[in-house]
Amino acid sequence: MTTAALLPLLVGLPLGAAGLTAPARAGAPWARAVLLGLLGANLAAGIALVVATSGGAVLAEPVGAWPGGIAIPFVADALSSLMLAVTGLLALVCTAFGLMTGPGAARLFPPLVLALLGGVNGALLTADLFNLFVFIEVMLLPSYGLLVLAHRRQGTMRSVSGTRLYVAFNLFVSTVFLAGVALVYGSAGTVNLAELAGAAQESGTVAAAVGVCLAALSMKAAVVPVHGWLARAYPSTSPAVTALFSGLHTKVAIYAIYRIYAVVFDGETRWLWIGVLLFSATMLVGVLGAVGENTMRSILAFHMVSQIGYILLGVALFTPLGLAAGIFYLLHHMIVKASLFLSTGAVEERHGTGALDGIRGVARRDPLLVAAFGVAALSLAGIPPFSGFVAKLTLILAALDAGQVAAAVLAIVVSLLTLLSMIKIWNSLVRRPDEDGEPAGGGGTAVAAPPVPRVGLRLTLPALTLAAVTLGLGLGAELLYGLSATAAAGLLDTSGYVEAVLR
């Protein structure tokens with residue numbers, strides 16, 4: 001049996017385990033063991049695939065050995081392998097955090113997370129547009145369930161509104177994407193990516209049909225001007241679910257944009273200016289939105305929008321350096337953003353609020369947690385020696401190399417605004433609760449502030465782990481950049497990918 005023949009297991013095993021753990025009672029140790037064991041095995045498989053594809057190899061397996069057009073083609077190259085490894089890491093760390101907090105106590109938490117993982121793996125592996133739609137739906141259905149679990153007995157009007165927006169918006173985007181897939185089939189007679197290679201350059205009709213799919217994926221990735229849903233929905237659920245979603249949902253859409261534009265448009269340069277314009281606006285609007293927010297997660301959610309602009313700028317440049325920088329940025333951002341959501345989520349779990357004026361005193365009680373936040377925040381802003389510095393520097397150099405000077409300057413300005421927003425959260429974490437408060441009673445006897453609860457080491461470890469990873473990726477950036485360059489080469493020359501799928 002070849003390594004490629006094992007690819008369907010990355011989808012089948014999580015979905016099978018989801019069915020197995022569905023009848024388990026709430027908090028059943030065996031269900032948690034299955035969940036964590038499978039997540040660990042999934043991470044190991046992702047790392048093994050990175051090693052197997054690091055030299056540019058492409059592994060492909062038609063499910064059931066059916067001929068092309070009927071079988072589901074599963075393909076792993078350097079880009080999809082890197083994505084599988086990082087999503088596997090985030091799924092494991094965020095799930096561990098969820099098991100220590102509210103959502104993990106729910107009976108359906110293990111099967112929903114496993115089903116979500118199966119959908120993510122399928123979306124990253126498939127080489128077929130219709131199956132991409134199917135796996136995105138497989139990914140979304142358990143996500144709706146996780147949103148409901150997060151609100152159990154803790155529902156607020158904001159959480160209900162956020163969930164309703166998330167569900168309604170994603171149903172709309174799925175409909176648009178499916179319509180695009182239908183148009184592609186109607187105009188090209190196939191939805192297999194390998195058979196569609198370069199088709200958008202030869203036919204304006206196919207280009208328009210695939211453009212509908214890319215527009216739907218851009219909406220799902222929260223590109224300006226369709227970014228408001230993310231900024232409103234993500235802060236409304238539980239911290240564990242926000243961290244999990246931040247590393248999976250929008251990133252699958254970004255991965256699909258990179259893949260589809262490279263294969264079907266073959267890097268067509270006529271349309272890249274649209275991407276540069278939209279993604280530059282996304283960088284700016286996202287960071288400006290964060291300025292007016294006053295809770296930790298809402299600030300981070302707007303910054304997520306801004307960082308998505310950086311990531312997608314790489315595909316809009318479509319040069320070797322630009323694609324490698326964009327892929328490096330994508331992987332770095334997934335880790336850093338999850339770390340930030342986990343550290344601020346740990347504070348919310350203990351303090352019961354994420355409002356900036358309600359989290360004072362955390363640094364005195366939990367210096368390790370605040371240190372983890374500081375490392376991830378500095379990395380997000382692009383400060384050396386963290387991975388964010390390498391990501392932003394290479395992206396800015398790529399923009400200058402491609403003649404996109406305005407985008408490069410904007411990227412620098414947005415970095416400074418990002419740093420200012422991170423300082424706003426940092427100041428709230430390190431200030432004493434009574435530092436600038438007026439004594440109660442207008443000059444009379446001061447009222448002692450209520451004791452600040454400790455977060456503790458257990459809830460700190462997930463954020464600390466990912467903060468350590470971003471430091472490691474910054475100090476040893478050459479390894480990840482080399483892998484990103486290999487992935488970029490596979491997007492610039494898709495012949496190996498196409499041959500592997502059609503073989």
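The model is predicted, so local features need pLDDT of at least 70 and side-chain atom pairs count only at pLDDT 80 or more, while totals for chains, interfaces and linings use all residues. Residues are numbered from 1 along each chain as its sequence is written, and side-chain values use heavy atoms, with hydrogens and water left out.

**Overall shape**

Let's start with the big picture. The protein chain has 20 helices and two strands (DSSP runs numbered from the N terminus, H or I of at least four residues for helices, E of at least two for strands). Its radius of gyration is 22 Å, close to the 23 Å that the globule rule gives for 503 residues, so the chain is as compact as a globular protein of that length. That radius is taken over C-alpha atoms, and the rule is 2.2 Å times the number of residues to the power 0.38. Along the principal axes, the C-alpha atoms fill a box of roughly 80 × 55 × 40 Å.

Of the 503 residues, 59% are buried (buried means under 20% relative accessible area, exposed over 50%, partly exposed in between, with a 1.4 Å probe and protein chains only). Among contacts with a separation of 6 or more, 81% are between residues 24 or more positions apart; a contact here means heavy atoms within 4.5 Å. The accessible surface comes to about 18,400 Å², and 67% of that belongs to carbon and sulfur atoms. Areas come from the Shrake-Rupley method with a 1.4 Å probe, and for residues only the protein chains shown count as cover.

In soluble globular proteins, nonpolar side chains tend to be buried together. Here the largest nonpolar core has 184 residues, and Leu146 and Ile260 have the most contacts inside it. Helix H10 (residues 239-264) supplies the largest share of this core, 18 residues. A nonpolar core is a set of buried Ala, Val, Leu, Ile, Met, Phe, Trp, Tyr and Cys residues joined through side-chain atoms within 4.5 Å.

What does Ile260 touch, leaving aside neighbours within four places in sequence? Its contacts are Leu129, Leu132, Leu193, Val210, Leu214, Leu217 and Phe265. Ser218 sits in helix H8 (residues 204-220) and is buried at 19% relative accessible area. Not counting residues up to four places away, Ser218 touches Val223 and Ile257.

**The patch and its surroundings**

On the surface, Phe389, Leu393, Leu397, Leu400, Val405, Val409 and Val413 form a nonpolar patch with about 560 Å² of accessible area together. Helices H16 (387-401) and H17 (405-430) are the elements that give two or more residues to the patch, and H16 gives the most, with four. Val413 is in helix H17 and counts as partly exposed at 38% relative accessibility. Patches are made of residues with over 30% relative accessible area and no salt bridge, with like charges joined within 9 Å and nonpolar side chains (Val, Leu, Ile, Met, Phe, Trp, Tyr) within 5 Å.

Ala477, in helix H19 (residues 477-492), is buried at 11% relative accessibility. Tyr329 lies in helix H13 and is buried at 0% relative accessibility. Leaving aside neighbours within four places, Tyr329 contacts Gln307, Tyr310, Ile311, Ala391, Lys392 and Leu395.

**Salt bridges**

The structure holds four salt bridges (a side-chain nitrogen of Lys or Arg within 4 Å of a carboxyl oxygen of Asp or Glu). Three of them, among those four, are listed here.

| Pair | Closest N to O |
|---|---|
| Arg270 and Glu268 | 3.4 Å |
| Glu348 and Arg297 | 2.8 Å |

Arg454, by contrast, is partly exposed at 47%, whereas Asp366 is buried at 4%. Glu268 is buried too, at 11% relative accessibility.
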